[in-house]
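Here are a few exercises to work through with the model open beside you. Try each task before you read its solution.

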Amino acid sequence: MPKSLSLRAGLGSVLFWSVISAAFIGPGSVTACAIAGSTYGLQLLWVLTFATFGTVWLQEAAARITIATGSDLGQVITQTYAGKSGRRIAWALFLAIFLGCAAYQAGNILGAVSGLALLTKLPVPALTVVVGLVCVGLLWIGSTQGLANFLGLIVFAMGGAFVYVAFGTPVTPAELTKALIVPAVPDGSLLLINGLIGTTIVPYNLFFGSSIVPGQSLSEMRLGIWVAVILGGIISVVLLLAGLLIPSDFSYVHMAQVLTDRLGTWAGSLFAFGLFAAGFASSLTAPLAASITAQSLLGIRKNSPVYRGIWLTVMATGLTFGLLNVTPIPVIIAVQAINGILLPFVTIFLFAAVNNRALLGDTYRNSLMQNLAMGLVVIVTAVLGIWNIWLAIQAG
């Protein structure tokens with residue numbers, strides 16, 4: 001392949017896989033990362049390192065399965081486990097993803113409406129209805145990809161503003177490097193740690209990404225995922241660093257004010273629009289991902305009444321939280337933590353599938369190092385999830 005064509009293919013792969021990083025840079029990332037910086041300083045920065053590389057390892061494995069077999073992750077799981085046990089596993093995985101998408105949708109709608117409220121000062125219930133109706137209309141007619149890509153660009157523009165702001169934080173390179181690699185679990189931080197993991201390693205993205213793999217080579221896919229996800233991880237890091245500048249309890253108003261003080265009024269408005277864009281784009285992808293997962297695991301036909309009923313139910317969940325005028329930030333943190341707890345359940349089946357020699361042969365199945373990396377993600381997320389549940393039981 002000529003060098004120019006190879007470069008073009010590489011850039012195209014990075015742009016394609018940026019849908020994954022744009023999906024996890026939503027209201028959950030903005031909120032969880034900024035609160036982590038505002039509350040705990042640099043102490044939780046290591047979580048973002050772990051979660052970013054975890055996303056790379058898991059998404060690469062899911063995409064590799066599709067390239068090797070021509071079937072997506074859900075189809076491979078249902079083919080691997082035949083009979084009644086296979087159907088039970090498929091339904092259990094679907095319900096886990098469906099509940100995760102519904103939880104995400106609550107945070108997505110609340111985040112999108114919060115951004116619009118900052119911009120327009122209009123009543124929250126009216127904004128919630130408008131956002132919900134527009135999302136339903138776009139999902140019904142299927143015109144979501146172009147708009148989601150545009151809004152994703154706005155989110156990355158907001159990330160660029162945060163990069164500039166992060167340079168104003170009083171952090172030395174040595175402190176930053178240490179915080180990125182040395183784990184710390186300060187008192188009261190466990191829920192937020194699970195939230196940071198759950199908002200970065202998004203369980204439904206494993207099925208979503210596996211189902212949309214284009215006709216790429218293994219090397220193009222890996223380049224696209226590595227570059228796109230690392231860029232998303234860098235944005236998460238600078239969001240946390242920007243949180244260091246918030247002088248009191250975190251709020252969207254304080255975050256907008258920090259940007260306004262540092263860069264001017266335009267930056268505060270960009271944050272508000274970026275928060276809306278992140279929430280709105282994710283409000284399109286989360287319901288769609290639930291239906292795509294049902295299609296993959298359960299054989300639901302695309303655009304059938306059941307397919308549409310699934311994404312409508314996810315959408316209704318988010319709208320309900322929005323219309324109840326729930327305080328957005330605690331809900332967003334809680335739902336990200338719930339997804340962090342659900343993550344090990346999904347990744348165990350991915351781990352089994354990507355080690356299936358009969359299915360993938362020696363070319364595409366996991367190497368020893370890939371198994372160690374994926375195993376680390378499964379073990380750490382399982383331990384943190386169980387620990388969180390135990391603390392909740394003790395508190396109750």
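Contact here means heavy atoms within 4.5 Å. This is a predicted model, in which local features need pLDDT of at least 70 and side-chain atom pairs count only at pLDDT 80 or more, while totals for chains, interfaces and linings use all residues. Residues are numbered from 1 along each chain as its sequence is written, and side-chain values use heavy atoms, with hydrogens and water left out.

**Exercise 1. Describe the chain as a whole.**

Start with the secondary structure: the chain has 17 helices and zero strands. Helices (H or I, at least four residues) and strands (E, at least two) are DSSP runs, numbered from the N terminus. Next, take the contacts between residues at least 6 apart in sequence: 87% of them join residues at least 24 apart. Finally, turn to burial, where buried means under 20% relative accessible area, exposed over 50%, and partly exposed in between (1.4 Å probe, protein chains only). Of the 396 residues in the chain, 54% are buried.

**Exercise 2. Work out how α2 sits in the structure and what it packs against.**

Begin with its length. Helix α2 has 14 residues and reaches 19 Å from its first C-alpha to its last, close to the 20 Å expected at 1.5 Å a residue; the expected span is 1.5 Å times one less than the number of residues. Then look at its cover: 12 of the 14 residues of α2 are buried, so the helix is largely enclosed by the rest of the structure. Just after α2, Gly41 takes a positive phi of about 65°.

Now find its partner. The axes of α2 (residues 27-40) and α9 (residues 190-200) come within 9 Å and cross at roughly 145°. Axes are lines fitted to C-alpha atoms, for helices over the stretch in contact, and angles run from 0 to 180 degrees between N-to-C directions. From α2, the contact uses Gly28, Ser29, Ala32, Cys33, Ile35, Ala36 and Tyr40, and from α9 it uses Leu192, Leu196 and Thr199.

**Exercise 3. Which residues does Leu48 touch, leaving out those up to four places away in sequence?**

Leu48 counts as buried because its relative accessibility is 1%. The residues it touches are Cys33, Leu196, Thr200, Ser236, Val237 and Leu240. For a view along the chain, Leu48 and Ile193 are 145 residues apart, yet their C-alpha atoms are separated by 9.1 Å.

**Exercise 4. Describe the packing of α3 with α10.**

Two packed helices are described by the angle between their axes and the distance between the axes. For α3 (residues 45-69) and α10 (residues 203-211), the angle is about 35° and the axes are 8 Å apart. Leu58, Gln59, Ala62 and Thr66 in α3 meet Asn205, Leu206, Gly209 and Ser210 in α10.

**Exercise 5. Where does Pro328 lie, and what is it in contact with?**

Pro328 lies in helix α15 (residues 328-353). Leaving aside neighbours within four places in sequence, Pro328 is in contact with Leu110, Ser114 and Tyr252.
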